[in-house]
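Q: Hi! Could you walk me through the helix packing and the aromatic pairs in this one?
A: Happy to, here it is.

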Amino acid sequence: PFVNLQRFLSGWGWPVPALYQFSPEAGLLLMEDFGDVTLEAWLAGRTEDEIFRIYARAIDLLVQLQIEGTSCLTPDCWASGERFTEGLFRWELEHFYEYGVVARYGAAEPGDEAIIHACFDEIARRLATLPQVLVHRDYHSRNLMVDGSRLGVIDFQDALLGPRHYDLASLLKDSYVSLSERLIDPLIEHYLEAWAAAGGQTRDDDPAIFRETFDLVSIQRNLKAAGRFDYIDLVKKNPKFLASIPHTLENVRCNLARHPWLAPLQEALGRKMPALRAS
């Protein structure tokens with residue numbers, strides 16, 4: 001998948017590392033070096049104006065992926081045969097419940113567990129109805145490299161088709177970087193303007209509708225990430241992502257609080273997880 005997607009993405013000009021040599025027999029790739037500075041590292045000590053400008057550039061690249069990349073898809077591209085389905089969204093949420101809740105705190109009471117599963121079903125159902133574009137699937141500050149004046153993108157081997165909100169949520173509701181709403185709101189506005197300028201059209205271009213869907217995707221994405229971090233610790237015996245769980249759950253808590261229909265989910269999860277309780 002990595003080689004297939006590298007050839008596809010570089011073929012129409014997306015800034016992924018060049019592939020110079022590939023030896024399947026040896027299992028070796030000789031690739032372009034994008035340096036050592038991730039976007040996460042670059043942000044240290046930067047002003048809000050500088051942060052806004054570099055995130056706007058990352059959003060412009062994302063819009064290019066979603067519109068130009070989607071239009072270039074052919075059946076021989078790995079991502080064209082993979083997509084977010086209701087079942088996949090649901091599995092990722094259940095993965096969080098299994099490892100982020102049950103394995104850490106024990107199972108919820110039967111009534112709360114029923115609420116959690118019902119809300120997960122509804123979230124997965126809503127997300128599965130959204131139009132789909134090409135999605136990087138892990139588009140965040142540790143997979144964007146600042147190489148001089150260039151932004152480069154790595155870790156794209158899990159690309160698939162999914163909602164256009166997904167990568168934007170990964171970027172702006174990152175597990176590793178905390179952006180204030182003072183920046184997130186204008187960056188979402190920048191995304192919508194860039195999307196429209198590139199010729200994109202969907203039924204949720206209204207900013208209020210888009211923001212509601214963005215929040216819902218963010219909740220699903222962050223819950224999945226938190227569950228995955230616990231899984232990597234508990235099963236893979238690698239604790240390096242545990243430090244990112246509190247911020248990831250704070251993203252979830254804030255987004256749950258924005259939508260009254262999700263209050264039962266927040267209350268049910270909050271009875272097991274203090275980090276998700278409404279303030």
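A: What follows is a short chat about this predicted model.

Q: Is helix α6 (residues 165-172) largely enclosed or left open, and why?
A: Helix α6 is largely enclosed by the rest of the structure, because eight of its eight residues are buried. Among them are His165, Tyr166 and Asp167.

Q: At what angle do α3 and α6 pack?
A: Helix α3 (residues 48-72) packs against α6 at about 160°, and the axes are 10 Å apart. That angle is over 145 degrees, so α3 is roughly antiparallel to α6. The crossing is right-handed.

Q: Which residues meet there?
A: From α3, Tyr55, Ala58, Ile59, Leu62 and Leu65 meet Asp167, Leu168, Leu171 and Leu172 of α6. By class, that contact has eight nonpolar residues, one charged and no polar.

Q: Switching to aromatics, how many pairs are there in the whole structure?
A: A search finds eleven aromatic pairs. One of them is tyrosine 191 with tryptophan 195, stacked at 6.1 Å centre to centre with 25° between the planes. Both lie in helix α7 (residues 181-197), four residues apart, about one turn of the helix.

Q: Is tyrosine 191 buried or exposed?
A: Tyrosine 191 is buried, at 0% relative accessibility. Tryptophan 195 is buried as well, at 5%.

Q: And how are the rings of phenylalanine 229 and phenylalanine 241 arranged?
A: Their centres are 5.2 Å apart and their planes at 10°, so the pair is stacked. Phenylalanine 229 is in helix α8 (residues 207-234), while phenylalanine 241 sits twelve residues away in the loop between α8 and α9 (245-257). Both are buried.

Q: Which residues form an aromatic cluster?
A: Phe8, Trp12, Trp14 and Tyr139 form one.

Definitions and conventions:
Residues are numbered from 1 along each chain as its sequence is written. This is a predicted model: local features need pLDDT of at least 70, side-chain atom pairs count only at pLDDT 80 or more; totals for chains, interfaces and linings use all residues. Side-chain values use heavy atoms; hydrogens and water are left out. Buried means under 20% relative accessible area, exposed over 50%, partly exposed in between (1.4 Å probe, protein chains only). Helices (H or I, at least four residues) and strands (E, at least two) are DSSP runs, numbered from the N terminus. Axes are lines fitted to C-alpha atoms, for helices over the stretch in contact, and angles run from 0 to 180 degrees between N-to-C directions. Angles under 35 degrees count as roughly parallel, over 145 as roughly antiparallel, 65 to 115 as roughly perpendicular and the rest as oblique. A crossing is left-handed if the near helix is turned anticlockwise from the far one by less than a right angle, and right-handed if clockwise. Contact means heavy atoms within 4.5 Å. Ala, Val, Leu, Ile, Met, Phe, Trp, Tyr, Cys and Pro count as nonpolar, Asp, Glu, Lys and Arg as charged, and the others, Gly among them, as polar. Rings of Phe, Tyr and Trp (its six-membered ring) pair if their centres lie within 6.5 Å; planes under 30 degrees apart count as stacked, over 60 as edge-to-face and the rest as tilted.
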